[in-house]
Structure formats: C-alpha cells, structure tokens
Amino acid sequence: MLYIILTCALLALSALLFTSSFKAFTRHHDVACNFILTLVATLVGVLLAIAISNYDSDQKEIRDLIKVLTAAEAVVEESLDYSIRLNEAYQQNIEEFGDQADFFTNNPLVYPHYLDTMLSQNLSSKNLSLEALSELNEHLITLQRSQRVAPKIFIASMRYIKQVLILERSYQRGELSAEDYEQQLDTLEEQLVYQQ
C-alpha cells in the first residue's frame, strides 16, 4: 500500500511541471524537466513492480496457508474418528477393560501432533487470525491434559478444533468477514461449553 501511495505522490508532483505556473521553468530548464520526468517514470515503474510483487507474495502465502489448514483438518478428522471409535469400544466393554484411567493410559487417544508443527511455522503465526491462533493453542493444551483422563472433553475439543480450522479456512479465502468469523467462533465456543 505504501508503494502505491508513493507512486501517486510522485505522479502528482510531476504533474505540477505541466501546470501554467511552472510553464516558464519548464521552458528554461527543459533538460532538467526531462530528467526529472524520466526519473519519476522509472521510480513509478519500480514502485509498481514492488507493489505487485508484494501482493503476489501475500496471495501465495494465503494459498499455502489454506493448504496447511486443509491438511490440518484431515489430520484432526482422522484423529477424531479414531478417538471416537476407541472411546465407544471402551464404553461398550467397560467391565472387560476396567478402570477408565488405566485403559486410556494404556491406549491414549490420538493427539494431532501436526497442529503443533503447523502452529510453530512462520507461515501460520504470521497469517492466521489472532482468534484462530489463540483458540487452537488453548485447545491443544486441553487435548494434552485430557488425552489420557477425560475422553469426552478430548473429543469435544477435537470437534471444536476441526470447526475452527474450517472457519479459518473460509475466513482466509475471503468467504467470511471478520465480524461473521468472530460471531461463528463465539457460537461454536458456546456449544462446546454446553457439550462439556
């Protein structure tokens, strides 16, 4: 944005040379005016090229982030499916498996380590919304704490994380405004509290 503002400022200043107040100056110093206009044209071209390059770079980062979010959602989906099946197997055979804490200590629910890696990448920390970054970090802590002792909380947090990833991807694509995104995130959080 700064480059576009500088470009407009240079164009406005060089346009002054064509006004009637600078007509005498332009005639007496035509070589200097030509040099100034050539210099301005070069600077405008360079500044526009930088602005376009930065825009392309930002768009590429967003596309890469969307790919990472899609992969993270797939990992969470797989972990969630396995965790649900494992919890159901325990619930159906409580007498056989015994104490819940012992069972889930020996058979821990699947923690999505990919999310830790994703959140530690510069791409994610630079481009994820503040809401998603804080919610994902908060619920990863919940997953770590509940993995072996509270399967219902673990599964509810995994479902929440999956929905946050879906919402963040929609937000990054421009399908959701910041207000809609925050509102849907608040609604999800209220539903999570209700489930627990």
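**Close-up views of a helical chain**

View 1. E73 is found in helix 3, where helices (H or I, at least four residues) and strands (E, at least two) are DSSP runs numbered from the N terminus. This is a predicted model, in which local features need pLDDT of at least 70, side-chain atom pairs count only at pLDDT 80 or more, and totals for chains, interfaces and linings use all residues. Residues are numbered from 1 along each chain as its sequence is written, and side-chain values use heavy atoms, with hydrogens and water left out. Is E73 buried or exposed? With a relative accessible area of 16%, E73 is buried; buried means under 20% relative accessible area, exposed means over 50%, and partly exposed lies in between (1.4 Å probe, protein chains only). Setting aside residues up to four places away in sequence, E73 touches K162, L165, I166 and R169. Contact here means heavy atoms within 4.5 Å.

**View 2. I166, one of the residues that E73 touches.** I166 sits in helix 9. Its relative accessibility is 24%, so I166 counts as partly exposed. Now look for I66: I166 and I66 are 100 residues apart along the chain, and their C-alpha atoms are separated by 9.8 Å.

**View 3. S79 in helix 3.** Helix 3 covers residues 30–92, and S79 has its place there. The relative accessible area of S79 is 5%, so S79 is buried. Which residues does S79 contact, leaving aside its neighbours within four places in sequence? They are V110, P112 and M158.

**View 4. Helix 8 beside helix 9.** Two packed helices are described by the angle between their axes and the distance between the axes. Helix 8 (residues 130–146) and helix 9 (residues 151–173) have axes that come within 9 Å and cross at roughly 160 degrees. That makes helix 8 roughly antiparallel to helix 9. Axes are lines fitted to C-alpha atoms, for helices over the stretch in contact, and angles run from 0 to 180 degrees between N-to-C directions; under 35 degrees counts as roughly parallel, over 145 as roughly antiparallel, 65 to 115 as roughly perpendicular and the rest as oblique. The crossing of helix 8 with helix 9 is left-handed, meaning that the near helix is turned anticlockwise from the far one by less than a right angle (clockwise would be right-handed). By class, this contact of helix 8 with helix 9 has 12 nonpolar, four polar and two charged residues. Ala, Val, Leu, Ile, Met, Phe, Trp, Tyr, Cys and Pro count as nonpolar, Asp, Glu, Lys and Arg as charged, and the others, Gly among them, as polar. Among the residues that meet are L136 and L140 in helix 8, and F154 and M158 in helix 9.

**View 5. Helix 6 beside helix 8.** Helix 6 (residues 113–120) packs with helix 8 at an angle of about 145 degrees, their axes 11 Å apart. This crossing, too, is left-handed. In helix 6, L115, D116, M118 and L119 meet L133, L136, N137, L140 and Q144 in helix 8. The contact of helix 6 with helix 8 has six nonpolar, two polar and one charged residues.

**View 6. Stepping back to the chain.** The protein chain has 10 helices and zero strands. Along its principal axes, the C-alpha trace spans about 100 × 25 × 20 Å. Of the 196 residues in the chain, 35% are buried.
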